Amino acid sequence: MSLFVTFEGPDGSGKSTQINLVVEHLSRLGYRVLCTREPGGTAIGNQIRQVLHDVSNTEMSARAEILLYSASRAQLVEQVILPHLAQGGIVLCDRYADSTYAYQGYGRQLDFETLRMITHFATQGLTPNLTVYLDLPVEEGLRRKSAANVTGEGEWNRMDRLELAFHQRVRAGYLEMAQKEPGRWLIVDASAPVDQINQIICQRLEQVLAVTSKQQSVASTKIL
Ligand code: TYD
């Protein structure tokens with residue numbers, strides 16, 4: 001049973017909390033779960049993450065930015081995600097290619113066809129079975145992130161410093177992508193209580209697990 005689930009959402013939407021709860025839930029059910037994140041998730045990816053997040057890198061071009069996110073993703077897919085899926089495990093990833101479409105596509109307004117081509121090359125065409133989007137008004141996300149920054153729980157990165165209009169385009173972009181592909185996306189109101197959000201995610205996850213396991217057993221019967 002292999003499954004690839006990604007989590008998206010604005011800064012400060014509580015993705016990490018929800019991912020940890022999902023890991024606990026799936027592990028309790030006996031699944032082999034691997035949890036990773038972008039940018040990063042590998043030694044090389046973590047070095048790239050530092051370059052991407054360094055607030056002093058103000059001169060970084062939008063083209064360099066997309067290639068760095070994609071380089072980190074290519075390494076993660078090949079070194080970590082594909083091998084775990086091949087062994088029949090579940091992979092949960094904190095951000096994936098949809099972040100590129102949202103931030104570099106809708107946010108930076110780079111050409112979508114180019115982004116799709118680069119992303120396809122970097123991911124070897126790997127698409128999530130389910131993408132959970134934790135939706136939050138932009139101002140609330142940034143407020144939460146600043147609060148975490150003050151208490152030392154969060155890091156204020158290069159993207160967080162961009163103007164409100166940028167983050168608003170990113171949010172509208174996520175909502176548009178989710179609307180275009182409802183079978184893959186689950187939109188959750190991130191201002192709801194943590195337990196309630198977790199319940200909604202686990203419910204949908206169990207539906208996806210049931211469908212995917214049926215599809216995979218049909219596929220393996222055909223191979224036999
Ligand atoms: P991170 O510190 O991981 O925090 P969070 O996921 O909680 O926001 O920040 C990752 C940042 O990188 C975030 O601002 C979104 C941005 N990003 C892109 O712009 N493009 C991408 O392809 C990815 C993966 C992330």
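These legends describe close-up views of a predicted model.

Local features are given where pLDDT is at least 70, and side-chain atom pairs where it is 80 or more, while totals for chains, interfaces and linings use all residues. Residues are numbered from 1 along each chain as its sequence is written, and side-chain values use heavy atoms, with hydrogens and water left out.

**View 1. The largest nonpolar core has 29 residues.**
A nonpolar core is a set of buried Ala, Val, Leu, Ile, Met, Phe, Trp, Tyr and Cys residues joined through side-chain atoms within 4.5 Å. Buried means under 20% relative accessible area, exposed means over 50%, and partly exposed lies in between (1.4 Å probe, protein chains only). Phe4, Ile81, Tyr96, Tyr103, Leu126, Tyr174 and Met177 touch the most other members. Two or more residues come from each of helix 2 (43–53), helix 3 (62–86), strand 3 (90–94), helix 4 (97–107) and helix 7 (164–180). Helix 3 contributes the most, with 7 residues. Helices (H or I, at least four residues) and strands (E, at least two) are DSSP runs, numbered from the N terminus. Apart from this core lies another, of 21 residues, including Leu136, Leu186, Ala190 and Val208. In soluble globular proteins, nonpolar side chains tend to be buried together.

**View 2. Phe4 and Tyr96 form an edge-to-face aromatic pair.**
Rings of Phe, Tyr and Trp (its six-membered ring) pair if their centres lie within 6.5 Å; planes under 30 degrees apart count as stacked, over 60 as edge-to-face and the rest as tilted. The structure holds 7 aromatic pairs. In this one, the centres of Phe4 and Tyr96 are 4.9 Å apart, with 85° between the planes. Phe4 sits in strand 1 (residues 3–8) and Tyr96 in the loop between strand 3 and helix 4, so the pair ties together parts that are 92 residues apart in sequence. Phe4 is buried, at 1% relative accessible area. Tyr96 is also buried, at 1%. Setting aside neighbours within four places in sequence, Phe4 contacts Ile81, Leu85, Val91, Cys93, Tyr96, Leu126, Thr127, Pro128, Asn129 and Leu130. Contact means heavy atoms within 4.5 Å.

**View 3. Tyr133 and Tyr174 are stacked.**
Their ring centres are 4.6 Å apart and their planes meet at 25°, so this pair counts as stacked. Tyr133 belongs to strand 4 (residues 130–135) and Tyr174 to helix 7; the two are 41 residues apart. Tyr133 has a relative accessible area of 1% and is buried. Tyr174 is buried too, with a value of 1%. Ring pairs join both tyrosines to Tyr103, Phe166 and Trp185 in a cluster.

For Tyr69, the distance to the polar side-chain atom is 2.9 Å. For Arg73, it is 2.9 Å. For Arg95, it is 2.7 Å. Taken alone, the ligand exposes 540 Å², and the protein buries 93% of that. Areas come from the Shrake-Rupley method with a 1.4 Å probe; for residues, only the protein chains shown count as cover.

**View 4. Thr131 makes side-chain polar contacts with Thr6 and Arg184.**
A polar contact is a pair of N or O atoms within 3.5 Å; within protein, one must be able to donate a hydrogen and the other to accept it, and residues adjacent in sequence count only if both atoms are side-chain atoms. Thr131 lies in strand 4. Its relative accessibility is 0%, and Thr131 counts as buried. The contact with Thr6 spans 2.9 Å. The contact with Arg184 spans 2.7 Å. Beyond four places in sequence, Thr131 touches Thr6, Glu8, Asp98, Arg184, Trp185 and Leu186.

**View 5. Leu52 and Asn57 both contact Arg158.**
Leu52 is in helix 2. It is buried, at 0% relative accessible area. Leu52 and Arg158 are 106 residues apart in sequence, yet their C-alpha atoms are 7.3 Å apart. Not counting residues up to four places away, Leu52 touches Pro39, Met60, Glu65, Leu68, Tyr69 and Arg158. Asn57 lies in the loop between helix 2 and helix 3. Asn57 is buried, with a value of 19%.
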